[in-house]
Amino acid sequence: MAVTAAATGAADSAVLFRSRVLFVSGKGGTGKTSVAAGIGRLAAAQGRRTLVLELDNQRPSLTGIFGTRPTYAPVEVSKNLSIANVVWVDALGDWLEAIVNLPRVVRLIMRNHIVSVFLEATPGARDLVVLWRVMALARSYDLVVVDMPASGNAVAMLSVAHTARGLFEQGPIRRCADDLVNLYAQADTRMVLVALPEEMVVNETVETARRIGADLAPLRVPLIVLNRATPPSLSAPETTLLSALLAGPSDGLAREVLEAGRWEAELEVATAESQKRLTEELKLPVLVLPVLARGEGALRVVGQITAAMARVSSVPVDLRGGG
Amino acid sequence: MTPLVDLVQRQRLLVCVGSGGVGKTTSAAAIALRAALSGRRVLVLTIDPARRLANSLGLSEFGNTEVRIDLGDRTSTGELWAMMLDAPSTLDDVISRVAKDTATRDAIFANKIYRHMAGSFSGSQEYMATERLYDVYGSDRYDLIVLDTPPVKNALDFLESPGRLARFLDRQIMKWFLTPYEEEKVFGKRLLLGTSAVVYRLLGHIFGREFLDELSVFFGLFRDLYDGFRERHEAVAKLFAASTTSFLVVSAPTEPSVDVARFFLDELRVRKLPLGGVLVNQVHSASTTVPDVDALLGAEARASDDATAGPLLARLGAAHRRLRDLAALEAGRVEELRRAAGSTTWVRVIPRLQEEVHDLAGLLRLHRYLFDGGS
């Protein structure tokens with residue numbers, strides 16, 4: 001299938017690779033993790049030391065993609081590319097150690113019933129500590145790609161920085177919140193939303209992008225990824241002929257073949273409409289990733305995303321390096 | 001009667017769980033509609049921060065109040081209501097009801113920690129949803145509540161949330177924070193000894209002294225509400241485990257959503273929560289025969305547009321191949337779910353519909369796939 005991803009200028013997607021911290025979110029099931037992994041592989045292939053992160057995921061999805069379970073400590077999966085899972089309890093230990101600087105005291109605190117319950121139950125403390133770890137890791141890599149929770153939850157999680165500033169006037173939590181707000185404001189911190197060519201997914205993507213603008217400004221959203229797209233390729237006469245055949249009498253297998261044609265034509269229309277809506281309503285460029293011919297393993301998806309993005313970013317990439 | 005029809009007519013609470021993008025909200029709405037059409041008074045409730053339910057019911061937007069959906073003359077006794085939970089006002093509602101007087105209520109509303117807790121922090125939303133669920137359940141205004149939960153990670157929080165705030169308001173912790181506060185009032189300075197002093201100083205260091213002071217005030221205000229809260233948590237936990245409650249695991253035939261569905265099947269088993277059944281939405285189907293497209297459609301196509309016929313026929317062949325591949329792949333995933341669900345649990349396969357569901361007519365089209373025929 002022809003890749004029409006070039007509809008988005010090379011400059012628009014190249015911006016992703018100039019980031020230091022890249023949050024990837026979107027409605028559940030849109031392929032966030034694959035897109036995050038694809039961006040990570042491509043950046044690594046370009047020679048940037050890259051880390052792809054999951055946040056406190058009990059069943060890390062990256063495992064299926066790279067064949068290696070991401071642990072709290074980053075694991076290198078290929079040249080320049082590492083993956084990790086920011087387990088909150090481990091992050092808490094590291095955070096306390098950074099503050100208190102006495103491992104024995106940290107162990108004491110972690111064991112103390114009141115402190116552990118307090119930290120676990122204080123709304124927001126968990127998110128702050130996890131994001132603190134993301135910032136800490138970002139210092140050791142050229143690019144950190146963060147596979148975030150689904151749309152609304154991702155915005156809520158990142159908003160914790162702003163709300164904590166209203167709550168904590170001093171101390172390490174406050175400093176952590178300040179650092180985060182500072183991180184969002186950096187020119188090389190970005191958030192990408194992954195959408196599918198479906199009406200409700202587009203609705204949610206538009207809403208999430210607006211919430212980011214309202215709640216997380218000045219965090220930059222440089223583009224929207226339209227995943228599993230079927231870019232228009234039927235010509236006008238082909239469309240007309242298909243409609244004529246569909247309107248005529250047919251049954252059995254002939255009907256099913258025509259319905260398959262209708263199905264694909266509708267996917268093309270949905271892709272065009274979604275791309276148009278996202279562009280017009282959000283005034284953002286849309287990176288279109290065509291659907292795979294066969295829905296095979298996750299690694300193939302990553303490879304395809306990597307290839308599609310390499311084409312639009314017009315950077316030569318050696319794809320043999322990854323995974 | 002299919003097992004789902006039975007649940008819709010008999011149960012009082014149906015909880016839909018599953019990953020995002022699998023049509024969970026649409027399923028919840030369609031199930032609620034069916035119950036309403038069979039004469040029951042039904043509320044479909046979403047705690048999803050996105051406005052999917054409004055979308056699938058054809059509403060532009062709705063909020064923290066119950067909105068009645070106009071069913072026209074489709075039913076005489078049944079009612080369909082919808083509500084989306086909006087965390088801050090829900091917490092306000094709860095406080096207004098449980099606070100012993102308006103002065104306490106206003107003091108709580110004015111407390112900085114309360115204000116932030118009420119909505120800005122992720123996590124408190126799920127807790128408040130259970131509170132609200134408990135309210136509407138207890139009101140007896142509905143025969144059935146269909147609950148649509150947010151995607152996986154939060155849905156687990158949702159199952160855990162009754163315990164989580166209870167731990168935050170743990171009496172031991174409250175006492176621990178209140179004691180220094182009260183002693184300060186009596187003695188004019190903090191009297192802290194032993195481990196408590198070390199821990200308190202550390203927490204003060206981490207969170208800031210002002211915060212701990214605010215927290216003491218917060219706990220002081222909440223002290224009287226504590227028992228009421230705990231009772232409610234226990235009631236909600238009991239409600240989830242009741243024989244009149246069923247969890248429905250909703251999935252799509254995609255790899256990630258099947259993973260999540262299997263995860264939920266395990267979790268429900270471990271937590272001993274009642275599993276109703278499994279819905280697999282958006283499943284493609286195609287015959288396994290490789291069609292001779294030219295023999296089937298060639299003559300007809302060439303008759304109307306000879307120049308275009310060739311390329312289009314090739315395209316149709318490719319489209320059908322793509323559909324076959326997809327259908328085969330999805331059938332394998334459905335099988336995988338059947339094995340995970342076990343032989344005693346029903347798994348219902350719903351075909352992918354031509355158009356997206358975004359109104360009552362769309363939900364009605366779903367009904368024959370959800371409810372008709374055997375299981």
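Leaving aside its neighbours within four places in sequence, with which residues is Thr189(A) in contact? In the predicted model, Thr189(A) belongs to strand S6 of chain A, which spans residues 189–195. Its contacts beyond those sequence neighbours are with Val21(A), Phe23(A), Leu183(A), Tyr184(A), Leu219(A) and Arg220(A). The relative accessible area of Thr189(A) is 1%, and because values under 20% count as buried, the residue is assigned to that class. A polar atom of the Thr189(A) side chain lies 2.7 Å from the backbone oxygen of Leu183(A), and Leu183(A) is also one of the contact residues listed above.

Arg277(A) is partly exposed, with a relative accessible area of 25%. Not counting residues up to four places away in sequence, Arg277(A) touches Glu199(A), Val202(A), Asn203(A), Val206(A) and Leu282(A). For Val206(A), the separation from Arg277(A) is 71 residues in sequence, and the C-alpha to C-alpha distance is 8.8 Å.

Helix packing in chain A is illustrated by H8 (residues 151–167) and H10 (residues 199–215), whose axes are 10 Å apart and meet at an angle of about 5°. Angles under 35 degrees count as roughly parallel, and H8(A) and H10(A) are therefore described as roughly parallel to each other. On the H8(A) side, the residues in contact are Ser151(A), Gly152(A), Val155(A), Ala156(A), Ser159(A) and His162(A). Their partners in H10(A) are Glu204(A), Thr208(A), Arg211(A), Ile212(A) and Asp215(A). By class, this contact of H8(A) with H10(A) comprises 3 nonpolar, 5 polar and 3 charged residues.

Chain B has 375 residues, of which 53% count as buried. Its secondary structure consists of 16 helices and 8 strands. When contacts in chain B between residues at least 6 apart in sequence are considered, 77% of them join residues at least 24 apart.

In helix H1 of chain B (residues 3–10), the buried residues are Leu4(B), Val5(B), Leu7(B) and Val8(B). These residues lie on the same side of H1(B), because the arc they cover around the axis is only 160°. The elements covering the buried residues of H1(B) include the strands S1 (13–17), S5 (144–148), S6 (245–251) and S7 (275–283) of chain B, together with the helices H2 (24–37) and H16 (360–371) of that chain.

Helices H2(B) and H16(B) also pack against each other, at an angle of about 85° and with their axes 9 Å apart. The two helices are therefore roughly perpendicular to each other. H2(B) contributes Thr26(B), Ala29(B), Ala30(B), Ile31(B), Leu33(B), Arg34(B) and Leu37(B) to the contact. H16(B) contributes Leu360(B), Leu363(B), Leu364(B), Leu366(B), His367(B), Leu370(B) and Phe371(B). The residues in the contact of H2(B) with H16(B) are 11 nonpolar, 2 polar and 1 charged.

Met84(B) is part of strand S4 of chain B, residues 79–84. Met84(B) is buried, with a relative accessible area of 7%. Between Met84(B) and Val67(B) there is a separation of 17 residues in sequence and a C-alpha to C-alpha distance of 9.3 Å.

Note on methods. Residues are numbered from 1 along each chain as its sequence is written. Chains are lettered from A and ligands numbered from 1 in the order in which they are written. This is a predicted model: local features need pLDDT of at least 70, side-chain atom pairs count only at pLDDT 80 or more; totals for chains, interfaces and linings use all residues. Side-chain values use heavy atoms; hydrogens and water are left out. Buried means under 20% relative accessible area, exposed over 50%, partly exposed in between (1.4 Å probe, protein chains only). Helices (H or I, at least four residues) and strands (E, at least two) are DSSP runs, numbered from the N terminus. The arc is that of the directions from the helix axis to the C-beta atoms. Contact means heavy atoms within 4.5 Å. Axes are lines fitted to C-alpha atoms, for helices over the stretch in contact, and angles run from 0 to 180 degrees between N-to-C directions. Angles under 35 degrees count as roughly parallel, over 145 as roughly antiparallel, 65 to 115 as roughly perpendicular and the rest as oblique. Ala, Val, Leu, Ile, Met, Phe, Trp, Tyr, Cys and Pro count as nonpolar, Asp, Glu, Lys and Arg as charged, and the others, Gly among them, as polar. A polar contact is a pair of N or O atoms within 3.5 Å; within protein, one must be able to donate a hydrogen and the other to accept it, and residues adjacent in sequence count only if both atoms are side-chain atoms.
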